[in-house]
Amino acid sequence: MSDAAVSPAVAEDEAALATPFVKCLVRLVRAHDSHGSWEGKSDAELLGDFIITREQRRAIPIIGDPDPDVLWRLEIFYAAVGLAIEERSGLMASPIIKVSPEGFGRVVFTAGRLVVLSKVLRDVHRFGFETFQKLAEAETKLVDAAIAAIEAYPEVARA
């Protein structure tokens, strides 16, 4: 029996799982496993809750309160973004996340005295990405914006 061809979506997911950001995200998730219950899980299984298809997103009500698991995933994702900003810029970038009980809020990253990234959060109870590739692309977009701000105002960022 010959090997089946790998579909493009599977190849994209495997490539996304190999990116430094996704590997960092996996390390952060695994760091919270104090009992070893996630030890045997693959990286894709471990990050499976970050993936929400369009059908799953449509099934979630538009208005809703974010549960603790979703808030934890949100914090882990933005902590990994902060680490990626720090890795590329050499400056510590800490996320400050404020979310209302209705699922709306803001995340702000600062480096020195500079706000390097500010993002409005909405529908937090529906937080997730369609694919691992979309997850990696979202991180790249956020980190690139933060690095551009640092490069535009380096003396403020290093203050």
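This is a predicted model: local features need pLDDT of at least 70, side-chain atom pairs count only at pLDDT 80 or more; totals for chains, interfaces and linings use all residues.
From α2, the contact draws on Phe 21, Cys 24, Leu 25, Leu 28 and Val 29. These residues meet Trp 72, Ile 76, Phe 77, Ala 79, Ala 80, Val 81, Leu 83 and Ala 84 of α5. By class, the contact of α2 with α5 comprises 13 nonpolar residues, with no polar and no charged ones.

A helix pair is described by the angle and the distance between the two axes. Helix α2 covers residues 20-31, and α5 covers residues 68-89. Their axes come within 9 Å. The crossing angle is roughly 130°. The crossing of α2 past α5 is right-handed.

These two helices belong to a protein of seven helices and three strands. Along the sequence, the order of elements is α-α-α-α-α-β-β-β-α-α. The C-alpha trace spans about 60 × 40 × 35 Å along its principal axes.

Empty space was examined next. A probe the size of a water molecule, rolled over the atoms, shows where such space is left. The largest pocket holds about 540 Å³. Its lining consists of 21 residues. Closest to the centre of this pocket are Tyr 78, Lys 119, Phe 127, Gly 128 and Phe 129. Three elements, α5, β3 (114-121) and α6 (132-152), each supply at least two lining residues. The most comes from α6, which gives six residues. The lining of the largest pocket divides into 12 nonpolar, one polar and eight charged residues.

The second largest pocket has a volume of about 250 Å³. It is lined by 15 residues. Nearest its centre lie Pro 20, Phe 21, Ala 84, Glu 87 and Glu 139. Two or more lining residues come from each of α2, α5 and α6. By class, the lining of the second largest pocket has eight nonpolar, two polar and five charged residues.

The pockets can be related to the helix contact. Phe 21 of α2 and Ala 84 of α5 take part in the contact of these helices. Phe 21 and Ala 84 are also among the residues nearest the centre of the second largest pocket. Helix α5 contributes to the lining of the largest pocket and to that of the second largest pocket.

Technical notes:
Residues are numbered from 1 along each chain as its sequence is written. Side-chain values use heavy atoms; hydrogens and water are left out. Axes are lines fitted to C-alpha atoms, for helices over the stretch in contact, and angles run from 0 to 180 degrees between N-to-C directions. Helices (H or I, at least four residues) and strands (E, at least two) are DSSP runs, numbered from the N terminus. A crossing is left-handed if the near helix is turned anticlockwise from the far one by less than a right angle, and right-handed if clockwise. Contact means heavy atoms within 4.5 Å. Ala, Val, Leu, Ile, Met, Phe, Trp, Tyr, Cys and Pro count as nonpolar, Asp, Glu, Lys and Arg as charged, and the others, Gly among them, as polar. On a 1 Å grid over the protein atoms alone, a cavity is a set of points where a 1.4 Å probe fits but cannot get out, and a pocket is an open set with protein on both sides within 12 Å along at least five of seven lines; lining residues have an atom within 4 Å of a point. Grid points are joined across faces, edges and corners, and a volume is the space filled by probe spheres set on the points.
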